[in-house]
Amino acid sequence: QRTDWFPSLHVVIRKNLLEDIGGDGIVPYGCDGALVDHNVLHGGRQRCADYAAGIWPWSCDNTVIQYNEVSGMKGTLDGEGFDSDYNCRNTLFQYNYSHDNDGGFMLICNDGGTKMPISVGNVGTVIRYNISQNDGLHTFNISGPCRNTAIYNNVICVRKPRVVQIVASGNWGGDWSEDTRFFNNVFDVEGSATFDFGGMRKTVFQNNVYQGTFDTRPQDPHAIDSDPGFAEAGSGGNGLATLHGYTLLPGSPCIGAARPVEQNGGHDFWGNTLPPNGPATIGAEEKL
């Protein structure tokens, strides 16, 4: 119980290669300040019949998940590459690469039926400067009463003729998410995409790029509806070093079009320094 909680400290999970995994990949439990970085997972949820995702914490606070690659998650229960799960506060996902996962890029969830003293819910998730390529069903699957979620400067690229749900929502435990913010992201789809917000409250979109066919789309002040101007979108392979195609060409409409975000980590996907007042460029690369 969170009223009687003694978390593990100084936990670091780094530079592991996981292949052909039956269910979940890397799951910190009961930690404060855990660091999960530079791991590679190719092929998770290969044999289980229940819900599983690639990398996710549970009953953890202040987890940092960065510079990881997850691909080949099988099936859609859950089947996402990454997951910000419940009973967690201040989970940070940054500089990760997700591709070719059946369930999609990111699950954000909270069991609304499990409350204190058992669970603190899901509060303060940050998802920034990640790249998702050719992920499947759900880009962001948001289920239950998650609170204060910030999603900014990510690149979502689907270079396959499929229908994807950029946002899917659910009311796990009888309630919906609140205060979910999408800033400076690129949604670049070859097929078509939908947004399903269900009963989500206080969901805000600002300064995002939409390229492709969108059956539904949120209101978005300062949205850009044009080609983001990537060097070679969809060209990523295995490894973070293959993602140069998501850098921006001169003249890209993303340059100088971002909404400033405070406390943004200080640098972009490739290590370029962000301006003092926050990002100036939409997407995962900062370019002045």
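**Figure 1. Overall view of the chain.** Of the 288 residues in the chain, 55% are buried, where buried means under 20% relative accessible area, exposed over 50%, and partly exposed in between (1.4 Å probe, protein chains only). The model is predicted: local features need pLDDT of at least 70, side-chain atom pairs count only at pLDDT 80 or more, and totals for chains, interfaces and linings use all residues. Residues are numbered from 1 along each chain as its sequence is written, and side-chain values use heavy atoms, with hydrogens and water left out. The chain has 24 strands and 0 helices; these are DSSP runs numbered from the N terminus, with helices (H or I) of at least four residues and strands (E) of at least two. Taken along the principal axes, the C-alpha atoms fill a box of roughly 55 × 40 × 40 Å. Among contacts (heavy atoms within 4.5 Å) between residues at least 6 apart in sequence, 70% join residues at least 24 apart. The chain exposes about 11,300 Å², and carbon and sulfur atoms supply 50% of it; accessible areas come from the Shrake-Rupley method with a 1.4 Å probe, and for residues only the protein chains shown count as cover.

**Figure 2. The largest nonpolar core and the surroundings of F187.** A nonpolar core is a set of buried Ala, Val, Leu, Ile, Met, Phe, Trp, Tyr and Cys residues joined through side-chain atoms within 4.5 Å. The largest one holds 33 residues, of which F140, I166 and F187 touch the most other members. Two or more residues each come from β13 (104-109), β17 (138-143), β19 (155-158), β20 (163-170), β22 (186-195) and β24 (209-214). Strand β22 gives the most, with 4 residues. Not counting residues up to four places away in sequence, F187 touches F140, I156, I166, F182, F205, N208, V209, Y210, Q211 and F214. Another core, of 24 residues, lies apart from the largest one and includes Y97, C157, L248 and I282.

Figure 3. A disulfide is a covalent bond between the sulfur atoms of two cysteines. Here a disulfide is counted as a pair of cysteine sulfur atoms within 2.5 Å, and the count by this rule comes to 0. For C48, the nearest cysteine sulfur is that of C109, 15 Å away. C48 counts as partly exposed because its relative accessibility is 23%. The sulfur of C157 is 12 Å from the closest cysteine sulfur, in C254, and therefore too far for a bond. C157 counts as buried, at 0% relative accessibility.

**Figure 4. N153, a buried asparagine in a loop.** N153 is in the loop between β18 (147-152) and β19. Its relative accessible area is 0%, so N153 is buried. N153 has a positive phi of about 55° although it is not a glycine. A polar contact is a pair of N or O atoms within 3.5 Å; within protein, one must be able to donate a hydrogen and the other to accept it, and residues adjacent in sequence count only if both atoms are side-chain atoms. The side chain of N153 makes such a contact with the side chain of N184 at 3.2 Å, and the N153 side chain also reaches the backbone oxygen of T281 at 3.0 Å. Leaving aside neighbours within four places in sequence, the residues in contact with N153 include R128, Y129, N130, P279 and I282.

Figure 5. Q94 is found in strand β11 (residues 92-94). With a relative accessible area of 7%, Q94 is buried. Apart from neighbours within four places in sequence, Q94 is in contact with V64, I65, Q66, Y67, R128, Y129 and N130. N90 is found in the loop between β10 (88-89) and β11. N90 is not a glycine but has a positive phi of about 60°, and N90 counts as partly exposed at 41% relative accessibility.

**Figure 6. Two cis peptide bonds.** The peptide bond from L77 to D78 is cis, with omega near -20°. D78 lies in the loop between β8 (69-71) and β9 (80-84). The bond from M116 to P117 is also cis, with omega near 10°, and P117 lies in the loop between β13 and β14 (122-123).
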